[in-house]
Amino acid sequence: MIRPYTSTDLGRLKEITRICFDGASIDRNIETLVGSIGGRDWVWRKLRHIDEDVRGSRAEGVFVWEENKNVEGYVTTRGDNQSKIGAIPNIAVDPKNQGCGIGRALLNHALEYLTQIGMQYAKIETLAQNEVGKYLYPDSGFIEVAQQIHYIKRLEPRDYER
Ligand SMILES: CC(C)(COP(=O)(O)OP(=O)(O)OC[C@H]1O[C@@H](n2cnc3c(N)ncnc32)[C@H](O)[C@@H]1OP(=O)(O)O)[C@@H](O)C(=O)NCCC(=O)NCCS
């Protein structure tokens, strides 16, 4: 069953995020390549995005999948009344319950919500390494608009002394 997010769900959302984005996030890729930065790991960085997703009135656009009183998945959305393009920043389902249609149901719910609040388009991003995203989003009617490459470089003082 899909229901609106409440603040008591935040801990569970973060737990699902930590489990789910281990193989599916830019923050994780960075840590794999260069190690932790500034004493912070990828989980800390990724969870900041979830805090942003539920901040203030944004929480109204967050929905969870509840089963037997447990939250097993979530989707976050963000409306933009000026551009009329809504966004779906994060979606995740606990691996124990993946493959049962929950992700697709959450995605559809997010699309319905964004339509209801007056958005004319919805945006979503996925990494090239994310096989589910690359299948599910086009299958749900999304069309590819761009591919982007993310780079990272260690900053050394000598780079600026030349
Ligand atoms: C993406 C995610 C939310 C999907 O949740 P889910 O509950 O497993 O999704 P569903 O069961 O609704 O499956 C959606 C479709 O993806 C398909 N799918 C599942 N695994 C797949 C894979 N490895 N490659 C391609 N398609 C796959 C399913 O067969 C299903 O298609 P169908 O309805 O035509 O049969 C979940 O996999 C997840 O949390 N992943 C980690 C976090 C993540 O990547 N989030 C998205 C970031 S862009």
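Visitor: How many helices and strands are there in the protein?

Guide: In this predicted model, the protein has five helices and five strands.

Visitor: In what order do the elements run from the N terminus on?

Guide: The order is β-α-α-α-β-β-β-α-β-α.

Visitor: What box do the C-alpha atoms fill?

Guide: Taken along the principal axes, the box is roughly 55 × 35 × 30 Å. The protein has 162 residues, and 28% of them are buried. Of the contacts with a separation of 6 or more, 60% are between residues 24 or more positions apart.

Visitor: How should I read a nonpolar core?

Guide: The general idea is that nonpolar side chains tend to be buried together in soluble globular proteins. Here, the largest nonpolar core has 30 residues. F63, Y74, V75, I88, A92, L106 and A110 have the most contacts inside this core.

Visitor: Which elements give two or more residues to this core?

Guide: They are helix α1 (10-20), strands β2 (62-67), β3 (70-78) and β4 (85-93), and helix α4 (102-116). The most comes from α4, which gives seven residues.

Visitor: Which residues does V75 touch, leaving out those up to four places away in sequence?

Guide: V75 touches F63, I88, I91, L106, L107, H109 and A110. Among these, F63, I88, L106 and A110 are listed with V75 itself as residues with the most contacts inside the core.

Visitor: How is a pair of packed helices described?

Guide: Two packed helices are described by the angle between their axes and the distance between the axes. In this structure, helix α2 (residues 26-34) packs with helix α3 (residues 42-53) at an angle of about 165°, and their axes are 9 Å apart. An angle over 145 degrees counts as roughly antiparallel, so α2 is roughly antiparallel to α3.

Visitor: Is the crossing of α2 and α3 left-handed or right-handed?

Guide: The crossing is right-handed.

Visitor: Which residues make the contact of α2 with α3?

Guide: On the α2 side they are D27, R28, I30 and E31. On the α3 side they are W42, R45 and K46. By class, two residues of this contact are nonpolar, none is polar and five are charged.

Visitor: Is L33 buried or exposed?

Guide: L33 lies in helix α2. L33 is exposed because 8 other C-beta atoms are within 10 Å.

Visitor: What separates the C-alpha atoms of L33 and S57?

Guide: The two residues are 24 residues apart along the chain, and their C-alpha atoms are separated by 36 Å.

How values were computed
Residues are numbered from 1 along each chain as its sequence is written. This is a predicted model: local features need pLDDT of at least 70, side-chain atom pairs count only at pLDDT 80 or more; totals for chains, interfaces and linings use all residues. A nonpolar core is a set of buried Ala, Val, Leu, Ile, Met, Phe, Trp, Tyr and Cys residues joined through C-beta atoms within 7 Å. A residue is buried if 20 or more other C-beta atoms lie within 10 Å of its own, exposed if 12 or fewer, and partly exposed in between; C-beta atoms are placed from the backbone. Helices (H or I, at least four residues) and strands (E, at least two) are DSSP runs, numbered from the N terminus. Two residues are in contact if their C-beta atoms, placed from the backbone, lie within 7 Å. Axes are lines fitted to C-alpha atoms, for helices over the stretch in contact, and angles run from 0 to 180 degrees between N-to-C directions. Angles under 35 degrees count as roughly parallel, over 145 as roughly antiparallel, 65 to 115 as roughly perpendicular and the rest as oblique. A crossing is left-handed if the near helix is turned anticlockwise from the far one by less than a right angle, and right-handed if clockwise. Ala, Val, Leu, Ile, Met, Phe, Trp, Tyr, Cys and Pro count as nonpolar, Asp, Glu, Lys and Arg as charged, and the others, Gly among them, as polar.
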